[in-house]
Amino acid sequence: MSARRAHVLIFGAVFAAAAVLAALGYLSLRRWEVAAERQLREQARDTAAMAAEKVEMAVVRAEQDGVAALQAAALEPGFGPESVEAWRARHPLFGAVYICDRHGQVLYPGRLSRDDALVIAALRAEISERLWERGGRRHLETGGRVILAAVIPGSPRGPLLVGLRRDEQALNREVLEKTLGGAEGKSALAVLDGDGRAVFTSRPLESAQPVLTVAFGEALPAWRVALYEPAGLSPRDMVRRQTMIFMAAFALLLCVIAAGLVVTYRLVQRESEVARLKSDFVANVSHDLKTPLSLIRMFAETLEMGRVPDESRRREYYGVLTRESERLSRLIDNVLDFSRIESGRQRYDIAPGPVEPVIHEVLESFRHPLHQQGFRLDVSIAPDLPDVPLDAEAVKQALANLLDNAMKYSGERRHIAVAARPEDNGVAVEVADEGIGIPVSERERIFEKFYRIGRSETQGRRGSGVGLALVKHIVEAHGGCVTVDAPPGGGSRFTLHLPT
Ligand code: ADP
C-alpha cells in the first residue's frame with residue numbers, strides 16, 4: 001500500500017471515530033437533557049408539595065384549636081350567642097359560624113338570613129347519624145365554599161352541629177402569610193383558588209413563569225399551590241442553557257480535533273515531501289560534485305601525460321584546474337555550511353567593513369567562467385556605499401551562489417548585471433539575469449531547503465536546492481533579508497539587503 005493511501009486511511013479512520021464520538025455525544029446529551037429536566041421538575045414538585053402540606057397542616061391545626069375552644073365554651077352552663085361572639089373575637093380565622101342542635105334549632109347566628117338557612121339545611125343533610133352520635137368533623141362544600149362541619153357532644157342541649165366558614169383575608173393573614181411568607185430562593189409560591197386566581201403570593205410574580213401546580217388536601221379542595229420561577233430560570237430554560245453550553249464545548253472540541261487532524265495531515269505530507277527532497281538532494285549533490293571532479297581529472301591526466309607542449313595552453317589548463325577546484329570547494333562549503341545551519345552550529349564573524357571589495361573578489365573568481373560561457377557582465381557600484389557589519393566570507397558565499405544561479409538559469413540571453421547602492425539604512429546588492437525567470441507563485445518557496453522549481457524547468461541544470469536557503473540564512477544572520485523580483489526585461493533579480 002502506498003504511503004499516501006495509508007495516510008488517507010488513517011486520517012479517514014480518525015475522522016470516522018470523531019464522527020461516531022460526535023453522534024454518541026449528541027445522543028447522550030439529548031438523554032441527559034430529558035433526565036435533567038425531569039429531575040428539576042421533580043424537585044420543583046417536591047417544593048410545591050411540601051408547601052401545600054404545610055399550609056394544609058396549619059389550616060387543620062387552626063381549625064382543631066377553634067373547634068376545641070368552641071367545645072369548651074359549649075360545655076359551660078351559660079353558653080349562648082354572647083359566648084360565641086367572645087369566641088369569634090379570639091378566632092378571627094372563621095368568618096361565619098353556624099350552630100344548631102340535633103332537632104334543627106338554630107343557636108347561632110341569632111338572626112338568620114336566607115343564605116344562612118340554606119347553609120344550615122345543607123349541613124344537616126350531610127351529617128350522618130353516626131357523626132351525630134360519636135362526634136367528629138369533616139369538610140363539606142356548599143355553594144362553592146368549604147365549611148368545616150363538626151359535631152360537639154356533651155352540651156346541656158345534647159350534641160351540637162357547628163359549621164365554620166373560613167374568612168379568606170384572615171386565612172391569608174393567619175395561615176398563608178405565616179407558612180409561605182419569607183420563603184428563600186428565587187422561586188415564588190402562589191396559592192390559586194378554584195378559578196385559578198392567585199389569592200396569595202410569597203413574592204411579587206412580575207415576569208416569573210408558572211412551572212407547575214400541586215393540589216391541597218380536603219381542607220382546601222380545588223385550591224392549588226403554584227411554583228413560579230423567574231424568566232430564564234425554569235427547569236426547561238436551565239437545562240436548555242446547560243445543553244447549549246455542552247453543545248458549544250463539544251463543537252469546539254470537534255473543531256479542535258478536526259483542526260489537529262488537518263494540521264497533522266499537512267505536517268505528515270510536508271515531512272514526506274522533505275524526505276523525498278532529501279533523497280533528491282543526495283543524488284543532486286553527488287551529480288554536482290562529479291562534473292568539476294571529472295573535469296579536474298581529465299585536465300590533470302592530460303597534463304600529466306605531457307601531451308600539452310604549448311605553454312599558453314598549459315596555463316589555460318592550470319586555470320581550468322584552479323577554477324574547477326574552487327567550484328568544488330564552493331559546492332562542498334555549501335553542503336557543509338548547510339549541515340552546520342541545520343544542526344544549529346553555524347557561527348558568523350560579523351564586523352563593520354566595506355561591501356565593495358567583497359563584491360569585486362567574487363566577481364574576480366567568476367570572471368573567467370563568465371567570459372568563457374559568453375556572459376556579458378555589467379557592474380555598477382555606487383561610490384558612497386557605507387560600511388556595514390558583515391562576515392565577508394559568508395557574504396561572498398551568498399553572492400557567489402546568486403551569481404552561480406544567474407549563470408545556471410540563463411538561456412540564450414547571457415547578460416548579468418551586478419549593482420550595489422546605498423538604501424534607507426544599509427546597502428542593497430543586486431544580481432540580475434535575463435534567464436528563465438521565476439514564477440510569482442514560487443518566489444517564496446525557492447528559499448526553502450531542497451526546493452527546486454518544477455523539474456522540467458530545472459531539468460538539465462545541476463543543483464542541490466540548498467543554495468538560496470543558505471543565502472537567506474546568511475543575510476538574516478546579518479539582520480537583513482533577501483528579495484526576488486523580475487526586472488522589466490524578464491529574468492530574475494535577487495537583492496541582498498544588508499543593514500548598517
Ligand atoms: P539549486 O541548487 O537548485 O540552484 P537554489 O537553492 O540555489 O538551488 O535555488 C532553488 C531554485 O530556485 C532553483 O532550483 C531554481 O529553480 C530557482 N532559481 C534560483 N535562482 C534562479 C534564477 N536566477 N533564475 C531562475 N530560477 C532560479
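Reader: By class, how many nonpolar, polar and charged residues does the shell around the ligand have?

Author: This is a predicted model, in which local features need pLDDT of at least 70, side-chain atom pairs count only at pLDDT 80 or more, and totals for chains, interfaces and linings use all residues. Residues are numbered from 1 along each chain as its sequence is written, and side-chain values use heavy atoms, with hydrogens and water left out. Ala, Val, Leu, Ile, Met, Phe, Trp, Tyr, Cys and Pro count as nonpolar, Asp, Glu, Lys and Arg as charged, and the others, Gly among them, as polar. The shell around the ligand has nine nonpolar, eight polar and three charged residues.

Reader: Which element gives the most to the lining of the largest cavity?

Author: A cavity is a set of points, on a 1 Å grid over the protein atoms alone, where a 1.4 Å probe fits but cannot get out; lining residues have an atom within 4 Å of a point. The largest cavity is lined by 34 residues, divided into 16 nonpolar, 10 polar and eight charged. Helices are DSSP runs (H or I, at least four residues), numbered from the N terminus. With seven residues, the element that gives the most to this lining is α9.

Conventions. 1 Å grid on protein atoms, 1.4 Å probe; cavity = no way out; pocket = protein on both sides within 12 Å on 5 of 7 lines; lining within 4 Å. Helix = DSSP H or I, 4+ residues; strand = E, 2+ residues; numbered from the N terminus.
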